[in-house]
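Hi,

Here is the structure I promised to hand over. Please open it first, then read my notes below.

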Amino acid sequence: MNDLDRSHDPAARSWVASANDPRTDFPLQNLPFGVFRRRGMRSETARIGVAIGEEILDLTACASDGVLLSIDDDLVARLGDDTLNRVMARGRDAARTLRLAISDLLRSDVNAGDQRAGVERCLLPARDAEMSLPAAIGDFSDFYASIEHATNVGSMFRPDNPLLPNYKWMPIGYHGRASSIVVSGTDVVRPFGQTRDGDAPAPTVEPSRRLDYELEIGAFVGRGSTLGARIPIAEAGEHVFGLCLLNDWSARDVQAWEYQPLGPFLAKSFATSISPWLVTLDALAPFRVPARARPSTDPMPLAYLSDRADSENGGFDITLEVYMSTSAMRDANVEPVMLSRGKFSEMYWTVAQLLAHHSSNGCNLRPGDLLGSGTVSGAAKESRGCLLERAWRGTEPVALPTGEIRSFLQDGDDVILRGYCEGGGARRIGFGECRGRVLRALPLASPV
């Protein structure tokens with residue numbers, strides 16, 4: 001809580017009226033960063049913005065109009081880019097300064113008169129914008145940081161040995177595919193893949209029949225590191241720009257056949273969805289909580305993964321929810337139904353530990369690189385963050401309000417992730433949503 005400043009004041013209000021709605025994800029105390037274009041203007045260069053209530057503050061316009069007077073010229077110049085990479089590269093101090101300056105511009109008891117009029121000209125209704133990926137993502141690594149998820153999945157496929165010996169010693173992860181990361185609202189085509197059922201004599205190639213979602217948090221790297229250098233865990237937080245929602249779409253039948261001995265490949269590389277708004281670590285400061293306590297029977301983290309401050313304040317009290325809407329539900333005007341609700345604070349490994357481990361071999365990290373947490377699952381059935389667990393490999397199908405059931409996703413299904421932080425005397429803030437619809441597989445002979 002030492003990182004709190006006037007931008008976190010829960011009583012502060014904005015002159016943007018919609019930001020004062022208690023239900024909004026984007027009050028004055030949040031100010032997440034994203035990249036957008038005006039709707040229908042695909043030929044227009046993308047612009048950097050901040051969400052405020054139901055509006056977007058166009059930071060590119062603010063920079064060119066000379067509104068951000070308290071920001072240094074170099075940072076102002078970077079706000080003219082069409083991605084956040086160069087802003088991220090400036091590090092946490094610059095992000096903190098920029099966020100505070102924007103808060104003052106939008107705060108009702110600070111900004112008045114001619115300056116407010118200048119800022120008002122830089123506002124755009126969010127409904128008139130199309131969101132883009134917030135950064136050019138050079139690399140994507142996905143972890144496996146929920147011990148409940150690891151244990152549940154392991155118990156399905158290795159009932160005698162559900163949790164492998166290395167799990168409690170280091171964050172387990174794999175290198176994913178950056179080029180197929182898409183922004184919320186992008187449809188996802190059902191993938192083809194090689195699968196093999198039971199004792200079938202040979203595998204077949206067909207559309208995945210066990211398509212799944214995974215509820216995750218993504219962490220965008222801010223200031224990077226050089227090849228050969230390691231990021232100490234005590235400094236890891238200075239290298240994270242912000243967090244987003246992430247859906248790691250997974251073809252379970254393809255994964256089950258291909259994953260040994262080198263891990264997932266085509267089962268996950270066809271698409272990963274992320275929410276468009278990056279909630280900065282500074283906005284999340286009121287919601288930092290202790291890292292999950294380990295039982296005395298578990299090994300303590302090795303020295304490079306251990307830090308007192310991270311142990312005391314390395315968790316994030318984020319509530320995460322998954323909703324589904326099927327074609328039949330939409331036809332019947334039935335609202336999306338919640339499938340699960342979990343807590344990011346229950347992860348076995350912290351974000352700082354993921355980043356410190358990633359760089360521990362000298363692997364360089366670059367601004368805009370993305371780290372996924374892995375599926376966020378808890379101990380309760382209602383907190384399991386994927387259908388594989390929620391329907392327990394198809395043996396406990398999920399019943400929907402229309403009478404439909406789901407063990408895995410069907411064509412036309414919408415998956416919607418939502419996340420928010422609340423409590424502790426702070427203003428509630430949210431992540432918006434991460435949404436994707438499953439489309440039928442394309443014929444194998446379709447052109448590329």
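Which residues of the largest nonpolar core touch the most other members? They are Leu243, Leu284, Ile318, Phe344 and Leu409, in a core of 56 residues. Keep in mind that this is a predicted model.

**Core.** Several elements give two or more residues to this core: H6, S13 (215-221), S14 (240-247), S20 (319-325), H10 (351-358), S25 (414-423) and S26 (426-439). Helix H10 provides the largest share, with 5 residues.

**Helix H4.** H4 is mostly covered, with 12 of its 15 residues buried. Among them are Arg92, Arg99, Ser103 and Asp104.

**Salt bridges.** The count comes to 37.

- Arg6 and Asp104 meet at 2.6 Å, N to O. Arg6 sits in the segment before strand S1 (33-38) and Asp104 in helix H4, 98 residues apart. Arg6 is partly exposed at 44% relative accessible area. Asp104 has 18%, so it counts as buried.
- Arg47 and Asp58 also meet at 2.6 Å, N to O. Arg47 belongs to strand S2 (residues 47-52) and Asp58 to strand S3 (residues 55-58), 11 residues apart. Arg47 is partly exposed at 24%, whereas Asp58 is buried at 9%.
- Glu148 and Arg292 meet at 2.9 Å, N to O. Glu148 lies in helix H6 and Arg292 in the loop between strand S18 (288-289) and helix H8 (308-313), so this pair ties together parts 144 residues apart in sequence. Glu148 counts as buried at 17%, and Arg292 as partly exposed at 30%.

There is also a salt-bridge network. It links Arg330, Asp414, Arg418, Glu433, Arg435 and Arg437.

**Cysteines.** The disulfide count is 0. For Cys386, the nearest cysteine sulfur is that of Cys434, 15 Å away. The cut-off for a disulfide is 2.5 Å, so a gap of that kind rules the pair out. Cys386 is buried, at 0% relative accessible area. Cys421 is in no disulfide either: the nearest cysteine sulfur, that of Cys244, is 13 Å away. Cys421 is buried as well, at 1%.

**Surface.** Trp169, Met170, Leu302 and Tyr304 form a nonpolar patch. Together they have about 350 Å² of accessible area. Trp169 is in the loop between helix H6 (147-157) and strand S7 (173-175). Its relative accessible area is 42%, so Trp169 is partly exposed.

Best wishes

Key. Residues are numbered from 1 along each chain as its sequence is written. This is a predicted model: local features need pLDDT of at least 70, side-chain atom pairs count only at pLDDT 80 or more; totals for chains, interfaces and linings use all residues. Side-chain values use heavy atoms; hydrogens and water are left out. Patches are made of residues with over 30% relative accessible area and no salt bridge: like charges are joined within 9 Å, nonpolar side chains (Val, Leu, Ile, Met, Phe, Trp, Tyr) within 5 Å. Accessible areas come from the Shrake-Rupley method with a 1.4 Å probe; for residues, only the protein chains shown count as cover. A salt bridge is a side-chain nitrogen of Lys or Arg within 4 Å of a carboxyl oxygen of Asp or Glu. Helices (H or I, at least four residues) and strands (E, at least two) are DSSP runs, numbered from the N terminus. Buried means under 20% relative accessible area, exposed over 50%, partly exposed in between (1.4 Å probe, protein chains only). A nonpolar core is a set of buried Ala, Val, Leu, Ile, Met, Phe, Trp, Tyr and Cys residues joined through side-chain atoms within 4.5 Å.
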